Amino acid sequence: MRQKIELELTSVLQRNNELMTAEMGDELVMLHLDQGSYFGLDDIGKEIWLQLKEPGSFADLCAQLQAEFDIDPATCEADVRKFLTRLARNNLVTIDGEAVA
């Protein structure tokens, strides 16, 4: 059973900087050497990853994305929450300083 991930608007997110990353056109590819896993992010996923260069809150991340893309707050929060949950489950980001996976 997978652990439930609690992601609040005040949660602080930080990317795992131990990953090897490379830009390939509009996409970003990442290699997690410890897990032997490969991940690819589309242009919006890449933008989220770039925004996480410095730790920041989920609310701030959503506000930045809403300013950059034409997306309403509820849709942004739901979509980004789902995406970040997937990243956390794969140990690509930490939430409030803790790995989930």
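**Buried cysteines and surface patches**

Guide: In this predicted model, C62 is buried, at a relative accessible area of 3%.

Visitor: Why is C62 called buried?

Guide: Buried means under 20% relative accessible area. C62 has 3%, and therefore counts as buried.

Visitor: What makes C76 count as buried?

Guide: The relative accessibility of C76 is 1%. This value is also set against the limit of under 20%, so C76 is buried.

Visitor: How many disulfides does the structure hold, and how do you know that?

Guide: The structure holds zero disulfides. A disulfide requires two cysteine sulfur atoms within 2.5 Å. For C62, the closest cysteine sulfur is that of C76, 4.1 Å away, which is too far for a bond. C76 is likewise in no disulfide, the sulfur of C62 being the nearest to its own.

Visitor: Why is Y38 called exposed?

Guide: Exposed means over 50% relative accessible area. Y38 reaches 58%, so the term applies. This residue lies in strand 4, residues 37–41.

Visitor: Which residues form a nonpolar patch on the surface with Y38?

Guide: M20, L31 and L33 form that patch together with Y38, and the accessible area of the four is about 430 Å².

Visitor: What makes D96 partly exposed?

Guide: D96 has a relative accessible area of 47%. D96 is located in the segment after strand 6 (93–95).

Visitor: Which residues gather with D96 in a patch of negative charge?

Guide: E6, E8 and E98 gather with D96 in this patch on the surface.

How values were computed. Residues numbered from 1 in each chain as written. Predicted model: local features only at pLDDT ≥ 70, side-chain atom pairs only at ≥ 80, totals over all residues. Heavy atoms only, no water. Patch = residues over 30% accessible without salt bridge, like charges linked within 9 Å, V, L, I, M, F, W, Y side chains within 5 Å. Areas by Shrake-Rupley, 256 points an atom, 1.4 Å probe, with all protein chains shown as cover. Salt bridge = Lys/Arg side-chain N within 4 Å of Asp/Glu carboxyl O. Lys, Arg positive; Asp, Glu negative; His and termini not counted. Charge placed at Lys NZ, Arg CZ, Asp CG, Glu CD. Helix = DSSP H or I, 4+ residues; strand = E, 2+ residues; numbered from the N terminus. Buried < 20%, exposed > 50% of the residue type's maximum accessible area, 1.4 Å probe, protein only.
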